[in-house]
Amino acid sequence: MATTAGTDLMYYFVIFVWFITALLVHFFIKSCLKTRSATQNPPSPPALPFIGHLHLIGSVLPKSFQTLARRYGPLMLIRMGASTCVVVSNAAIAKEIFKTQDLNFSSRPEFGSSEYFIYRGSRFVMAQYGDYWRFMKKLCMTKLLAVPQLDRSVNIRDEEIEKLVERVEKSSREGKPCDLSGELTTLTNNMICRMAMSTRCSGNENEAEEIHELMREFLELAGKLSIGDVLGPLKMLDFSGNGKKLLSALQRFDALVERIIEEHESKATEGGGEDQKKDLMDILLDTFRDPTAEVKLTKKDIKSFLLDIFMAGTDTSSAAMQWAMGHLINHPEIFKKLREEINSVVGPNRLVKESDISNLPYLRAVIKETLRLHPSAPLIIRECAEDCKVNGSIVKAKTRVLVNVYAIMRDPNSWTNPDEFVPERFLESSEERVGEHQMEFKGQNFRYLPFGSGRRVCAGASLAMLMMHPAIGSLVQRFDWKPKDGEKVDLKQGPGFATEMANPLVCYPVAP
Ligand code: HEM
């Protein structure tokens with residue numbers, strides 16, 4: 001009897017333990033699931049210790065991210081050494097970042113080169129969202145880069161295009177190859193230097209060239225130092241000495257611009273400040289002296305702003321023009337169609353002007369298609385201000401966000417034959433109907449984002465378009481082009497963040 005009672009007791013005890021265990025397991029799993037879904041990071045490829053995903057990333061960053069996104073989805077968490085970011089690769093999520101949650105993604109993060117930056121706290125392009133950035137953006141959009149100021153400087157841009165055509169004509173006459181990459185960078189650099197600080201003030205012809213050289217140095221060094229981001233705190237040791245080199249280049253820039261500020265100030269006291277001739281420096285100095293300005297500008301802010309404009313405007317516009325020429329040379333039928341349009345609208349006796357742009361739809365389509373395939377800033381960099389949800393995943397405050405517009409503008413879900421150069425898709429008659437809203441450059445069409453979108457959209461988009469159309473139009477109107485090496489231009493993309501060509505575009509210009 002006693003044994004049967006003992007067995008029963010044991011039986012109930014086992015059932016009881018089993019019941020409690022099942023209950024605990026149930027609550028454990030439920031609470032685990034709850035915490036996971038509340039902290040769910042965006043999908044991420046398998047990472048290695050220390051290096052994270054570096055082993056999965058090739059030299060052309062936007063292309064590598066595009067390949068990874070095909071496998072891991074349009075929102076990915078990527079870790080490159082000590083640096084973590086979220087990468088966005090489709091139009092729907094870009095809309096979330098640039099429109100639905102624009103305010104939360106309106107800052108930019110600090111980068112590897114920031115600690116060497118003598119203008120720290122005065123930056124505009126890389127500024128955190130706040131009063132200073134808002135003030136400078138308003139100044140850009142209403143004065144510095146607004147239509148009236150652009151209209152005032154039209155002669156500068158016309159003259160620089162004439163000089164470019166003269167230099168190319170010389171190469172053509174002498175049967176020498178022309179380094180179009182160098183020529184187009186000289187063109188944008190000269191245009192922006194003259195619009196910003198008028199070489200008329202200095203009398204020193206080499207100033208634009210000096211600035212050009214300094215920009216080249218900055219971009220190279222800043223690129224190298226950004227790669228140092230993957231080292232985390234170790235980068236402070238500056239093994240390569242690039243930090244010191246960047247500092248020295250910045251000091252040379254500072255001294256040069258300081259001198260130009262003094263020249264502008266003495267011109268202003270002599271009473272030579274006619275409104276029609278005001279350059280960007282004059283407007284900035286007026287704001288500096290304005291006691292009623294919402295934000296009190298300092299000279300450091302002015303120098304930093306000019307540096308930003310040179311860095312943001314020169315190579316971007318030049319790279320886009322190099323790609324445009326490369327594609328036009330490789331597609332003789334498109335080249336011919338464009339020249340026919342120019343000949344019928346402009347005729348043979350003068351160069352293409354800015355006022356012709358509205359009558360040249362095919363030229364506009366060529367430039368749009370170039371920027372679709374080769375956005376000069378292929379990875380748009382933002383930072384998340386507060387924890388939020390994007391596409392169902394949590395993105396934590398301070399996370400760097402890279403919007404891969406290179407991948408978005410080649411997404412087969414948005415574009416027919418996305419990797420092909422087809423300017424016709426931007427004509428009003430096209431079935432793709434991209435051109436119908438004419439909203440692309442304001443970034444309201446989230447499959448087409450060469451200038452970004454939202455509050456931080458490019459401040460120089462209108463200027464860039466004014467520089468590029470007449471320059472490309474004139475080079476097509478006046479010359480036939482033959483690549484220096486081989487039948488076709490090598491359209492390979494260079495390494496890094498930007499979309500430069502891997503090899504400089506060197507061609508023979510021939511009178512048609
Ligand atoms: C083809 C030429 C150009 C391209 C493709 C381009 C593209 C871009 C992109 C993608 C951004 C970031 C936008 C975002 O975060 O949503 C940007 C920002 C900016 N760009 Fe451009 N850009 C070009 C030319 C220029 C020029 C000529 C200037 C002025 C001279 C300029 C001035 C700026 C400035 C000041 C910003 C920062 C705006 C801000 O943070 O609020 N850009 N650009």
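Biologist: Which helix gives the most residues to the shell around the ligand?

Modeller: H11 gives the most, with five residues. This is a predicted model, in which local features need pLDDT of at least 70, side-chain atom pairs count only at pLDDT 80 or more, and totals for chains, interfaces and linings use all residues. Residues are numbered from 1 along each chain as its sequence is written, and side-chain values use heavy atoms, with hydrogens and water left out.

Biologist: What makes H11 a helix, and which other elements supply at least two residues of the shell?

Modeller: A helix is a DSSP run of H or I with at least four residues, a strand is a run of E with at least two, and both are numbered from the N terminus. H11 covers 299-330. Helix H4 (131-144), strand S4 (379-383) and helix H15 (461-478) also each supply at least two residues.

Biologist: Which residues come nearest to the ligand?

Modeller: Of the 28 residues around the ligand, these are Arg108, Lys137, Arg382, Arg456 and Cys458. A residue is near if one of its heavy atoms lies within 4 Å of the molecule.

Biologist: What makes Cys458 a donor of the iron atom?

Modeller: Donors are N, O and S atoms within 2.8 Å of the metal (3.2 Å for Na, K and Ca); water is not among the atoms, so sites may look incomplete. The SG atom of Cys458 lies at 2.3 Å from the iron atom of the ligand, and Cys458 is its only protein donor. An unreviewed UniProt entry lists Cys458 for "binding site".

Biologist: Why is Cys458 called partly exposed, while Asp356 counts as buried?

Modeller: Buried means under 20% relative accessible area, exposed over 50%, and partly exposed in between (1.4 Å probe, protein chains only). Cys458 has 31% and is therefore partly exposed, whereas Asp356 has 5% and therefore counts as buried.

Biologist: Where is Asp356, and what does its side chain reach?

Modeller: Asp356 is in the loop between helix H12 (332-345) and helix H13 (361-373). Its side chain reaches the backbone nitrogen of Lys353 at 2.7 Å.

Conventions:
UniProt positions are given in the numbering used here, feature names are shortened, and annotations may be inferred rather than shown by experiment. A polar contact is a pair of N or O atoms within 3.5 Å; within protein, one must be able to donate a hydrogen and the other to accept it, and residues adjacent in sequence count only if both atoms are side-chain atoms.
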